[in-house]
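Please examine the sequence and the structure shown below.

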Amino acid sequence: MDKWIKEASAFIERKTTKNAIDIGASFPHATKQGKYDKESPQWWTAGFWPGILWNVYHATNEYVFKNLAIQLEHKMDYLLNNPNKVDHDIGFMWTLTSLARYQITADETAKNTALLAANMLLARFNSAGHFFKAWNNWHGTNDNSGIVIIDSMMNMGLLFWASEETGDPRFMVAAKAHCDMVLKHFIRNDGSVHQMVRFNSLTGELIEKLGGQGYSKNSHGLVDVVGLYLVLRLPIIIRKKNATYLV
C-alpha cells in the first residue's frame with residue numbers, strides 16, 4: 001500500500017506540473033477530443049483546478065502551485081461583488097480556493113473572502129421552505145426561486161466552517177435546516193434520490209419532485225449525502241434496491 005501511495009503521489013505531482021503549464025491560469029471544465037474545454041470563472045467547476053493545486057502544494061510545498069492557485073482565486077473575486085453572478089455552488093467554489101488558502105497559509109485576507117462567500121450563500125436561504133435556492137433567473141423567463149438540487153449538499157461545509165470560525169450560529173442553523181429538508185424530501189424509500197425538488201418560494205409548500213442528471217433518474221446523490229456525513233458526522237442509512245449502506 002505504501003508503494004502504491006508513493007507512486008500515485010508522484011504521478012499526481014507530475015500530472016499537475018504538466019497541467020500547470022498546459023492549463024495555466026484558466027478554468028478547465030471538461031475534455032473535448034483530448035483537450036480541456038475552458039470556461040469563465042463564473043462556471044460551477046471553477047474551483048476544482050485551484051483546489052487540486054492547493055492539494056499538491058500542501059503535499060510538496062512547491063510555490064508554483066500556490067502562486068497559480070492564488071492567481072486563479074483572484075480571477076474569481078469580481079463574482080463576490082454581484083449576487084446575480086453566483087448561485088448555490090458558491091460553497092464549494094470558495095471552499096476549494098479562499099478557504100483552502102486560509103487553512104493552508106493562515107492568510108487573513110483569504111479567511112475574509114471565504115466568510116464573504118459564506119454570507120452570500122446564507123443570503124440564498126429561504127426560511128419558509130428551509131432550503132437554499134439553486135439558481136438565479138439568468139434567462140429572465142423562468143422562476144427558479146423555489147428550485148433546490150441535491151448538489152447543494154456539497155456546499156454546506158462552507159457554512160458549518162463559517163459558524164465554527166466566527167462563533168455565529170446562523171450559518172450552521174440554516175445549513176442544518178437545509179440538510180433536514182433534503183433528507184425529508186429528496187431521498188426515496190429505496191435510497192435513490194431526486195436531483196431536483198421545486199417548492200413554492202413564498203409559502204415553502206412542496207410542488208413537485210423531479211429526476212435530473214446521473215446514470216439514471218435514481219443515481220444522483222451518493223456523493224452529496226456522503227458530504228453531509230462528513231460535515232455532520234451523523235450516521236445515515238442509504239438503501240438502494242437490495243443493498244443497504246451505512247454512511
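**Two helices in contact**

In this predicted model, F48, P50, G51, W54, Y57 and H58 of helix α2 meet F92, L96, T97, A100, R101, I104 and T105 of helix α4, where contact means heavy atoms within 4.5 Å. The residues of this contact divide into 8 nonpolar, 4 polar and 1 charged; Ala, Val, Leu, Ile, Met, Phe, Trp, Tyr, Cys and Pro count as nonpolar, Asp, Glu, Lys and Arg as charged, and the others, Gly among them, as polar. Helices (H or I, at least four residues) and strands (E, at least two) are DSSP runs, numbered from the N terminus.

Two packed helices are described by the angle between their axes and the distance between the axes. For α2 (residues 48–60) and α4 (residues 90–105), the angle is about 20° and the axes are 8 Å apart. Axes are lines fitted to C-alpha atoms, for helices over the stretch in contact, and angles run from 0 to 180 degrees between N-to-C directions. The helices α2 and α4 are therefore roughly parallel to each other, a term for angles under 35 degrees.

Residues are numbered from 1 along each chain as its sequence is written, and side-chain values use heavy atoms, with hydrogens and water left out. Local features need pLDDT of at least 70, and side-chain atom pairs count only at pLDDT 80 or more, whereas totals for chains, interfaces and linings use all residues.

The protein chain contains 8 helices and 9 strands. Of its 247 residues, 44% are buried, that is, under 20% relative accessible area (1.4 Å probe, protein chains only). Among contacts in the chain with a separation of 6 or more, 57% are between residues 24 or more positions apart.

Where does S98 lie? S98 is found in helix α4, and S98 is buried, with a relative accessible area of 0%. Not counting residues up to four places away in sequence, S98 touches E73, A110, T113 and A114. S98 and I70 are 28 residues apart in sequence, and their C-alpha atoms are 8.3 Å apart in space.

Helix α6 (residues 156–166) also contains buried residues, namely M156, L158, L159, F160, W161, A162 and S163. Just after α6, G167 takes a positive phi of about 80°.

Buried residues are also found in a loop: N144, between β4 (131–132) and β5 (147–149), is buried, with a relative accessible area of 13%. Leaving aside neighbours within four places in sequence, N144 is in contact with W135, N136 and N137.

Conventions. Parallel < 35°, antiparallel > 145°, perpendicular 65-115°, else oblique. Buried < 20%, exposed > 50% of the residue type's maximum accessible area, 1.4 Å probe, protein only.
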